[in-house]
Amino acid sequence: MKVSYNWLKTYLDFDQTPSQLAELLTSIGLEVGGIEQVESIKGGLQGLVTGEVVTCVPHPNSDHLSLTTINTGSGEILPIVCGAPNVAAGQKVVVATVGTTLYDGDQEFVIKKAKIRGEVSEGMICSEVEIGTGSDGSGIMVLPENTPVGIPAADYFKVETDWVIEVDITPNRIDGASHIGVARDVAAALKLTGEKSYKRPSVDHFRVENHDLDIPVEVQNTKACPRYSGVTISGVEVRESPAWLQNRLKAIGLTPINNVVDITNFVLFETGQPLHAFDASEIKGGKVVVRTLSPGTKFVTLDSAERKLDENDLMICNTEDAMCIGGVFGGIQSGVKLSTKNIFLESACFDPVYIRKTSRRHGLFTDASFRFERGTDINGTIYALKRAALLIGEIAGGTISSEIKDIYPEPVRGFAVEISFSNVNRLIGKEIPRPELRNILQSLEISIEKETERGMSLLVPAYRVDVNREVDVIEEILRIYGYNNVETPTHVNASLSYAENPDPNKVKNIISDLLVSRGFYEMWSNSLTKAGYYDEMNDYKAGNTVKLFNPLSSDLNGMRQTLLYGGLECIQLNSNRKNSDLRLFEFGNCYFFRGTHYKEDPAANYYEEEHLALFLTGNREAANWSTPEVPASFFELKAYVENILNRLGFETENLKTEETTNEIFREGLVYETADKNKLVEFGIVAPKWAKKFDIANPVYYADFDWGQLLWKHKKNKVKFTELPKYPEVRRDLALVLDRDVRFSALRNMAFSAERQLLRSVNLFDIYEGKGIPEGKKSYAISYILRDDTKTLTDKQIDKAMERILTAYEKQVGAKLR
């Protein structure tokens, strides 16, 4: 939010320079993002003076230019070539002397001494467009005859110089999104060093002048609109705003429109309370109704866009039509126009959730919605309404023509908070004297209802929507007292902490380093996702999705049950940008609703699990002059999965292996422990899921239950043996066996048959085809044997291989090929 230095000083008298004020604001929690000097007219009219046209004759070499001589009061008569049709001798004009910079929007140009059609010109006679004081560019600006010659144009036009301070308002500090709100905080900080208090403009002289225009109000949805105030003003004259009002708005980056609209904007940035002025003649039926409309109802807003309303969009209506999207944007018909004579002025408090959803639904982000989304002062509507009504009467000539209509069924007093002095001192780290503590609370307009030796009972004003706990009040005390006023302690308190073994972060970093060394990139996806992803799923049921009560959009209305969709979104994004060869991994939590309701402990309805996901797609190696491209495959993914398991101390040959039945895979495997705890599930993603994201290449996906892995990893003990002293021997077998026999079964049989000498078993070839009977296949398997006490003999080796072959023949009917 932009804060005008000059504007701020109308509420609070202070001596700080703009830079000192910026430092003060930052120190009390209103962080300043920048400071800029501005003028009410761009450039401040530097170099421009008033002058008098002494002579004016036609240019000898042009039929549309004039040769003039100008007296600027400097003692020197300037020759200037002028192209304006209305220039004449004796006129008082505005002159830009040589070296003056003029502005045209964001562009600027410098006046130079020049020859125009052979005649010397030493300046420029300006129009009001060229100096930024008006919109008439048809000729030069002619000043009144009694205008003195030689005075700076900045003095003549009363150019105001100001400093604009950009305050970065955090979501919890909406009370600071106004000049009075900033003045209140500055006054609280300065009150510690002297008697400073801010002054709000008085509205005590508000009076109803007649009852000629009474417009009743009906609020049908009091949840969405807990308070609605309004008043009518008749006989207004809509015209241009006075210079002081325009300067205030221009300083903070607003464009003046007309006096009525400018006043509502002025009061918004003065008090933080959004207002809206309706043309009373457009209020059909003479009544204002606050309600929602049927879904799909069409409504044309001020930007001339036709929008389809949602059933939860709060609308300000008359008895027949909608006039305004409440708290967000006005309608094209009911706004104030030059022909408007009577107005209905609205000052309301709307529910933040309703406004936020409507604003995002329609893509309308206004100064009003910004404030309503974060919570406005429900007890400040009347003050802002009276302030605006009095200004309209003063500037637009209107008269207040009705009593204030105030629909406020459930008044809000504020937030009752109890604080203890011991907690204040403990959290701040310093004991603040009681008088100073009271002073700070009073300067923040926090009422002290009761005080005891131990603490205080406080009433926090309703506009401080973020201060409703003891710690919130203590934070308020500290920011005004000053963080820098709390001395650094001379001793440090420390406590012993228990470190988990193994350290989860260390293990995670080990696996991350392993994957990165294999060419993977780590990704982070949003834990918020589209709940609709799970509507068609059985393994991840839609009923188990944790739904958001107040989602930002329909694409972020639930919490993920799997890391799959975040990965597919990332692959889609990269593929659309010609980056389709990907190796990705992500650590992240998945969230689940149990489908039951524990009233005693609502948190028990939910649980979360940490998972590790791997994604492979595209080519493992790109084509080059020496090798063809190699696409990613299931077996490549399987190797990465087993590398991770081995690195964490799991022996994959001892894990139970099953085919996956999860619907997200076309085919894949599951590795489980002996007690049937799933460690990882991996395979090729079913095409119907990839197709939803327009992904053409196969996607290989692995889902590790990271919590289960860590738990089992704790039980793994590192074993080591010395390097073997004796050589190992390799023997190969070529077997013909039934097609449904798995290699894992053969490996287990081999280790059961030969427990002492067999060290490893490896499948290095599979063949089906010519020479192999139907329903059979050929496996080529290597066996590594070693005795750690002596060198093996041929006799020992042959006996071991004979035992293995006998086991194959008896159990699966295998034969040597």
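Predicted model: local features only at pLDDT ≥ 70, side-chain atom pairs only at ≥ 80, totals over all residues.

One aromatic cluster is made up of Tyr533, Tyr534, Tyr565 and Phe693.

Let me turn to the pairs. A pair of aromatic rings is described by the distance of the centres and the angle of the planes. Under the rule used here, the count of aromatic pairs comes to 20. Consider Phe278 and Phe344, whose ring centres are 6.4 Å apart. Their planes stand at 40 degrees, so this pair is tilted; stacked would require planes under 30 degrees apart, and edge-to-face over 60. Where do Phe278 and Phe344 lie? Phe278 belongs to strand β16, residues 275-279, and Phe344 to strand β23, residues 343-349. The pair therefore ties together parts that are 66 residues apart in sequence. Both Phe278 and Phe344 are buried.

Tyr533 is found in the loop between β30 (528-529) and β31 (546-547), whereas Tyr565 is in helix α15, residues 564-575. This pair therefore ties together parts that are 32 residues apart in sequence. Are these two tyrosines, Tyr533 and Tyr565, buried or exposed? The cut-off for buried is under 20% relative accessible area. Tyr533 has 12% relative accessibility and so counts as buried. Tyr565, at 2% relative accessibility, counts as buried as well.

Next, charges over rings. The charged end of Lys9 sits over the ring of Phe14, at 5.2 Å from the ring centre. Likewise, Arg730 has its charged end over the ring of Phe764, 5.2 Å from the centre of that ring.

I come finally to the sheet. Which strands form it, and in what order? It is an open sheet of 3 strands, in the order β1-β13-β2, with antiparallel pairing. At the edges stand β1 (2-4) and β2 (32-39). Each has a single partner strand, so one side of each is left without a neighbour in the sheet. From one strand to the next, the twist averages 25 degrees. Strand β13, residues 161-167, is joined to β1 by 3 bridges, and the two run antiparallel.

Thank you for your attention.

Terms used
Residues numbered from 1 in each chain as written. Heavy atoms only, no water. Phe/Tyr/Trp six-rings, centres within 6.5 Å; stacked < 30°, edge-to-face > 60°. Helix = DSSP H or I, 4+ residues; strand = E, 2+ residues; numbered from the N terminus. Buried < 20%, exposed > 50% of the residue type's maximum accessible area, 1.4 Å probe, protein only. Lys NZ or Arg CZ within 6 Å of the ring centre and 35° of its normal. Pairing = 2+ DSSP bridges. Axes fitted to C-alpha atoms, helices over the stretch in contact; angles between N-to-C directions.
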